[in-house]
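Subject: Structure handover

Hello,

Here is the structure for you to look over. My notes follow below it.

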Amino acid sequence: MLLKKSVVIAAIFSAAMGGAAQAESLTEALARAYVKNPAIASALVSVKMASEDIVMRKSGLRPKIGLSATSQYGFTMVGGSTTTSSSTTLNVSYNQRLFDNLQTTAQIDQARAYADAAKYGLRNTEQNVLLSAATAYMDVVQNTNLASLRADNVKFLRAQVDNARSRLNVGEGTKIDVAQAEARLAQAVASYKSAVNSLRTSQASYVRWIGAKPSGLNSNFRFGNVMPKSIDSALQSARRNHPAILTARAQVEAARYGTEAALRAFGPTLDLIGSICAIDCLGGGAQPNATQGSLRLTLSIPIYQGGMLGASARKANLGHIKSEIDAQVAANQVEESVISAWSGLQSSIAAIESAQAAVRSGQIALDGVIEERNVGQRTTLDVLNARAELTSAKEALYTAERSRVVAAFSLIAATGRLDAASLNLPVQLQSSDGYRARIEDVWAELRE
């Protein structure tokens with residue numbers, strides 16, 4: 001029965017740890033997440049879409065030229081005679097807004113501000129992906145260590161069960177010792193299976209964020225100069241670099257230009273409209289080579305639009321006010337996250353020191369209790385309790401080590417510097433700046 005349990009536990013642990021054969025460092029995992037995670041690719045497409053809005057707004061001040069052709073055939077029957085007619089016309093139209101009280105100019109600036117907000121949104125997505133990838137990585141490391149520790153604990157307690165039974169058989173132990181050891185073994189097996197299930201869950205999260213199965217993980221990572229030296233420097237970096245704050249500021253600018261555009265709508269507009277007819281312009285085919293054209297200026301002044309213009313202006317102004325409030329909310333949230341991450345990092349460092357001391361003393365205590373039990377000065381329960389304390393100390397150490405790394409990445413993210421460039425990841429940086437510069441002054445309707 002014991003042999004069967006050992007085989008089952010070994011199979012469970014082997015299945016949970018199964019994955020790619022090649023080891024992957026934390027740096028490599030972050031680089032893979034940056035390149036492979038679809039959230040970053042989606043955010044990059046969103047930035048490009050926002051850049052296209054700039055071109056769409058610019059089109060409001062550019063000419064619009066259209067070509068239309070009409071061919072028609074008609075007949076008339078009067079008594080026994082039939083009269084037919086046919087005509088084909090070709091027209092070219094030209095329409096350009098010469099002046100709109102600078103409303104389109106404000107809309108172009110608004111589109112640029114929204115494009116900036118989307119660009120900072122890409123950076124924010126990048127931070128979230130890298131932080132989630134680092135967290136998933138460390139979860140696998142922690143749960144792997146816990147599963148291994150609890151597997152060793154099962155082996156240890158199984159040996160204690162065997163020892164208790166042997167001592168009972170030679171009259172040195174009691175049935176209580178055996179029962180206590182068996183109860184602890186049953187608890188250890190359940191705890192081990194729970195650790196394996198947690199490991200499987202963390203592995204699934206690892207695949208989601210990093211895009212490959214984990215294997216041979218190594219949590220060593222050099223943060224370099226991205227790690228702030230003090231909480232004050234962290235707060236200063238966050239106010240200057242955090243993409244959530246920069247996004248909120250860009251949205252404030254967009255809302256300001258939106259208000260300006262809404263107010264400009266009260267002004268006049270001036271349009272230049274032209275048309276040329278090149279074929280059969282007079283109809284009936286009498287003079288098929290005749291050419292006819294027209295050119296006119298149209299001035300429009302809004303007088304009353306049913307209250308729509310006023311409502312649009314008020315709504316835009318309220319949107320501007322809301323964006324200012326939202327920007328303050330974002331700044332407060334970032335400041336809170338900086339303080340929380342800094343405190344979490346300091347706490348985890350202290351927890352590691354405490355857990356290391358507990359592990360050292362727990363190991364010494366366990367070894368001593370076993371020796372004393374062997375000479376009859378301690379009971380099996382004393383050994384079980386000492387082992388439980390040592391196991392708890394090691395689990396606390398693994399948890400604290402995971403928390404320290406995650407807290408460090410959280411702090412860097414809170415300062416706005418958790419990105420591929422700042423971390424010196426071995427990847428090609430993804431940016432939409434080149435795309436935006438390439439399309440801003442493109443007039444053609446079709447391009448690559």
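Two strands count as paired if DSSP finds at least two bridges between them. Keep in mind that this is a predicted model.

The sheet comes first. Four strands form an open sheet in the order β1-β2-β3-β4, and the pairing is antiparallel. β1 (64–78) and β4 (292–300) are the edge strands, each pairing on one side only. On average, neighbouring strands are turned by 20° against each other, direction ignored. Strands β2 (residues 81–99) and β3 (residues 269–279) run antiparallel and are joined by 9 bridges. Phe99 stands opposite Leu270 in β3.

Next, the nonpolar cores. The largest has 59 residues, and within it Leu30 and Phe409 touch the most other members. At least two residues each come from α2 (26–36), α3 (38–58), α4, α5 (175–210), α6 (231–241), α8 (308–374) and α9 (380–414). α4 gives the most, with 15 residues. A second, separate core holds 24 residues, among them Val196, Ala355, Leu384 and Ala400.

Back to Leu30. Setting aside neighbours within four places in sequence, Leu30 is in contact with Leu130, Ala133, Ala134, Phe221, Phe409, Leu423 and Leu425.

Is Asn143 buried or exposed? Asn143 counts as buried because its relative accessibility is 12%, and the cut-off for buried is under 20%. Beyond neighbours within four places in sequence, Asn143 is in contact with Ser198, Leu199 and Ser202.

Best wishes

Key
Residues are numbered from 1 along each chain as its sequence is written. This is a predicted model: local features need pLDDT of at least 70, side-chain atom pairs count only at pLDDT 80 or more; totals for chains, interfaces and linings use all residues. Side-chain values use heavy atoms; hydrogens and water are left out. Buried means under 20% relative accessible area, exposed over 50%, partly exposed in between (1.4 Å probe, protein chains only). Contact means heavy atoms within 4.5 Å. A nonpolar core is a set of buried Ala, Val, Leu, Ile, Met, Phe, Trp, Tyr and Cys residues joined through side-chain atoms within 4.5 Å. Axes are lines fitted to C-alpha atoms, for helices over the stretch in contact, and angles run from 0 to 180 degrees between N-to-C directions.
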